[in-house]
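Good morning, and thank you for joining.

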Amino acid sequence: MIVAGAGSGKTRVITYRVAHLIQKGVDPFQILVLTFTNKAAKAMRERIYGVVGTEAKNCWMGTFHSVFAKILRVEAEKIGYPNNFTIYDTDDSKSLIRSILKELQLDDKLYNANFVYNRISSAKNNLISASEYQQSEQIQAEDHSTGRGKIGEIYQTYTQRCFKAGAMDFDDLLFKTNVLLKEHPDVLYKYQNRFKYIMVDEYQD
C-alpha cells in the first residue's frame with residue numbers, strides 16, 4: 001500500500017511495478033489493475049505500454065465498473081442474468097423510476113425521480129438490497145420522516161423490472177459482482193487464483 005499526497009507519484013509507482021513484473025516474466029494475464037476513473041485507466045495503460053510495449057495488453061486494467069462488467073459478461077448467468085445484459089445509464093434508470101411512480105400513483109414532486117434514483121444508488125453502493133432496505137428499521141424511519149415511506153417499494157419494483165428486462169444499472173455492476181462472489185465461492189476462487197497481483201490506483205487530477 002502506498003499512501004501519499006496528490007501529485008507525489010503513486011500512479012507512477014504502480015505503473016513501473018506492473019512493468020517490472022512483466023519484464024521479470026510474470027504473465028500479464030495474472031495482473032489486475034483497478035482505477036477510479038477512465039482517465040486514470042487510460043493514463044496507466046499508456047505509461048505501461050510505453051515501458052514494455054503491447055505485451056501489457058493482456059493485463060486486466062480499467063475502472064472498477066469496467067472490470068466488473070467484464071466479469072459479469074462471463075458469469076452473469078449464475079445470478080440469473082443473460083451474459084448480454086443491457087447496461088442502463090442514468091437517464092434509462094430515471095425514466096424507469098418515473099414509470100414506476102406513475103403506476104404506483106405517487107406524487108412525482110414528493111417522490112422526485114432524481115431523489116429516488118440517488119436513494120437507490122446510495123443503497124446499492126452500501127451493498128443494501130431492496131429486501132434489506134425494506135427490512136431496515138433505520139432506513140424505513142428515515143424515509144417515513146420525510147414523507148417518502150414508499151421508496152422501499154419503488155426500489156423493489158425497480159429491481160424486479162431491471163431483472164425482467166435483463167438489465168443492470170451502473171451501480172449494479174458493483175452490487176451484482178458482490179452478489180456473484182458471495183453466492184458463488186467457486187467464482188471468487190477462480191479469480192483469486194487467476195490474479196496473482198492486484199493493484200488499485202486512486203488517481204488525482
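Helix α4 passes α8 in a right-handed crossing; a crossing is right-handed if the near helix is turned clockwise from the far one by less than a right angle, and left-handed if anticlockwise. Helices here are DSSP runs of H or I with at least four residues, strands are runs of E with at least two, and both are numbered from the N terminus.

Before going further, please note that this is a predicted model, in which local features need pLDDT of at least 70 and side-chain atom pairs count only at pLDDT 80 or more, while totals for chains, interfaces and linings use all residues. Residues are numbered from 1 along each chain as its sequence is written, and side-chain values use heavy atoms, with hydrogens and water left out.

To return to the pair: the axes of α4 (residues 90-103) and α8 come within 10 Å and cross at roughly 120°. Axes are lines fitted to C-alpha atoms, for helices over the stretch in contact, and angles run from 0 to 180 degrees between N-to-C directions. That angle makes α4 oblique to α8; under 35 degrees counts as roughly parallel, over 145 as roughly antiparallel, 65 to 115 as roughly perpendicular, and the rest as oblique. On the α4 side, the contact (heavy atoms within 4.5 Å) is made by Ser93, Leu96, Ile97, Ile100, Leu101 and Glu103, and on the α8 side by Ile154, Thr157, Tyr158, Arg161 and Cys162. By type, the residues of this contact of α4 with α8 are 7 nonpolar, 2 polar and 2 charged. Ala, Val, Leu, Ile, Met, Phe, Trp, Tyr, Cys and Pro count as nonpolar, Asp, Glu, Lys and Arg as charged, and the others, Gly among them, as polar.

Which other helix meets α8 through residues such as Ile154 and Tyr158? Helix α5 does: its Phe115, Val116, Arg119, Ile120, Ala123 and Lys124 meet Ile151, Ile154, Tyr155 and Tyr158 of α8. This contact of α5 with α8 divides into 8 nonpolar, no polar and 2 charged residues. The axes of α5 (residues 113-125) and α8 (residues 151-164) come within 10 Å and cross at roughly 75°, and the two helices are therefore roughly perpendicular to each other.

I turn now to the sheet. Three strands, in the order β2-β1-β5, form an open sheet with parallel pairing; two strands pair if DSSP finds at least two bridges between them. At the edges are β2 (60-63) and β5 (197-201), each pairing on one side only. From one strand to the next, the twist averages 15°.

Strand β1 (residues 31-35) pairs with β5 over 5 bridges. In that pairing, isoleucine 31 has tyrosine 197 as its bridge partner, and valine 33 stands opposite methionine 199. Between β1 and β2 there are 4 bridges, with leucine 32 partnered by tryptophan 60.

Is β1 buried or exposed? 5 of the 5 residues of β1 are buried, so the strand is largely enclosed by the rest of the structure; buried means under 20% relative accessible area, exposed over 50%, and partly exposed in between, with a 1.4 Å probe and protein chains only. Ile31, Val33 and Thr35 cover one side, and Leu32 and Leu34 the other. Helix α2 (residues 38-52) lies across β1, β2 and β5, running at about 150° to β2.

Finally, the overall figures. The protein has 10 helices and 5 strands, and 43% of its 205 residues count as buried.
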